[in-house]
Amino acid sequence: MSGKGEATEDPSPGASPPTRDNEPEQRKRTKIIYVVYIIVALDITWMFLQFSVTPYLAKKLGFDTLWFGYLQTTVGVIQLLGGPMFGRFADIFGAQAALSLACSATVVFFLLLAIAENPAMLFIHKLPTVFMHVVTASQMVVADLSAPEKRADALSKLGLCFGFGMITGSTLGGHLNTRFGETFTAYFGAVGSAFSLLLVLKFIPKTTKSQASGANKDSENKSKSIFNVGEITRLLKFPGVKRTFLVKIIAGLPSGIFQVMFSIIALDFFKLTPEQNGYLMAYFGIASMVIQGGVVGRLTARYSENSLLLLAIGVSSLVGLAQAYMQDVFQFCLIVFPMMFSLSVFNVITDSMLTKSVPSSDTGTMMGLCASVQSLLRTVGPTVGGFLYVNYGISSIGLIQFVVNVAVFGHLLQRHLRRTAEHQE
């Protein structure tokens, strides 16, 4: 694996000219980033709180595995359509407006979940997810306020917040659902989301793009419409963007299928209660915090992004093979750390590579496109995963992950070795 000193890449379009910020300005930026971390941690907490409600409420309302897959697919389709538009909205109207919209939509989401008493309402409560992109807006803020060379590390800290939210949300959701039921837990999530909205209004500035160059402002002024598809798709024309997107989709699809099916796997294959499921998700969170807080930052400081991308895909292929042969929840717990490692490194590195490839005035739109990749996985994943799980069992999902990631790894390794040989010549 090659170190950073081996080959340097050309400065990205998103890199700001080297300037010395005065100390008060730097402190202000740091404070905003820390507040964003708190908002993300809270948002993930409320989302994992919801994961302790929806599968069990769906089962009460008569959903089988296939129909639960359709429910998850609905969310994927809605967010697939909303992600790029939301990113464009954030670039045009600023960080505060974007985060306020996302938090408000989350409040409505939980209120609709609380009153869901039939299958139709369970589908209807997913509609606000079109605006629920707190993480996307937060990634934009962090990308705008961090130096390009420190961006991967700053983005990885969002994963640390993800781990914290996973632990607190899963544990809290399991306890609340077991003791007070689904309705109370959903109302609790609505109140928590309202608190997140207050933090946004109090601490987040209207825009975080004050340092963008005049040249970058031109693209923003070109069209103020958030529905301008041309302004969104033009980002795919920047060097390296299309290739990275293809890798993100193809290598991410198999693991995405397992992730969206996990609530059903926990309920049906592992036979976990809500409280036990909460403890397992908390274990995920601990693994995520250790990896994002103590491992990813050190790796990005030492190795090139291309090398780390290869590592993540290679580990992911081995994780798929292990998942194919696991028999119980104990064996799955042994797989969790390498699984979280591959997911964390893969997402952080691809997001960092993509934001560096575009002007700083378009980081929100790029993060929206990244979110749409995840939404695409959630759209295809539940239907494909439900079919595979019902007809071929859990091992089929793991084997597909192994085969696909080995193929992507081989392609990227061949390309990496060819480019290294060309540089040496």
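Is Val-404 buried, exposed or partly exposed? Some notes on that and a few other spots follow.

1. First, the ground rules. This is a predicted model, with local features needing pLDDT of at least 70 and side-chain atom pairs counting only at pLDDT 80 or more, while totals for chains, interfaces and linings use all residues. Residues are numbered from 1 along each chain as its sequence is written, and side-chain values use heavy atoms, with hydrogens and water left out.

2. Back to Val-404: it is partly exposed, at a relative accessible area of 24% (buried means under 20%, exposed over 50%, partly exposed in between, with a 1.4 Å probe and protein chains only). You'll find Val-404 in helix α16, residues 394–424 (helices are DSSP runs of H or I, at least four residues, numbered from the N terminus). Not counting residues up to four places away in sequence, Val-404 touches Ile-250 and Pro-254 (contact means heavy atoms within 4.5 Å).

3. Now look at Ser-52, in the loop between α1 and α2 (54–60). Ser-52 is buried, with a relative accessible area of 3%. Leaving aside neighbours within four places in sequence, its contacts are Gly-169, Ser-170, Gly-173, Gly-174 and Asn-177.

4. Next, α13 (residues 305–325) and α14 (residues 329–356): they pack at about 150°, with axes 8 Å apart (axes are lines fitted to C-alpha atoms, for helices over the stretch in contact, and angles run from 0 to 180 degrees between N-to-C directions). The two are therefore roughly antiparallel, a label for angles over 145 degrees. Their contact divides into 17 nonpolar, seven polar and two charged residues (Ala, Val, Leu, Ile, Met, Phe, Trp, Tyr, Cys and Pro count as nonpolar, Asp, Glu, Lys and Arg as charged, and the others, Gly among them, as polar).

5. α14 also meets α15 (residues 363–392), their axes coming within 10 Å and crossing at roughly 145°. On the α14 side the contact uses Asn-347, Asp-351, Leu-354 and Thr-355, and on the α15 side Met-366, Met-367, Cys-370 and Gln-374.

6. Finally, the largest nonpolar core has 102 residues, and Phe-332 is one of those with the most contacts inside it (such a core is a set of buried Ala, Val, Leu, Ile, Met, Phe, Trp, Tyr and Cys residues joined through side-chain atoms within 4.5 Å). Its largest share, 14 residues, comes from α1, residues 23–51. A second, separate core of 11 residues includes Ile-232, Val-241, Phe-245 and Leu-354.

Note on methods:
Angles under 35 degrees count as roughly parallel, over 145 as roughly antiparallel, 65 to 115 as roughly perpendicular and the rest as oblique.
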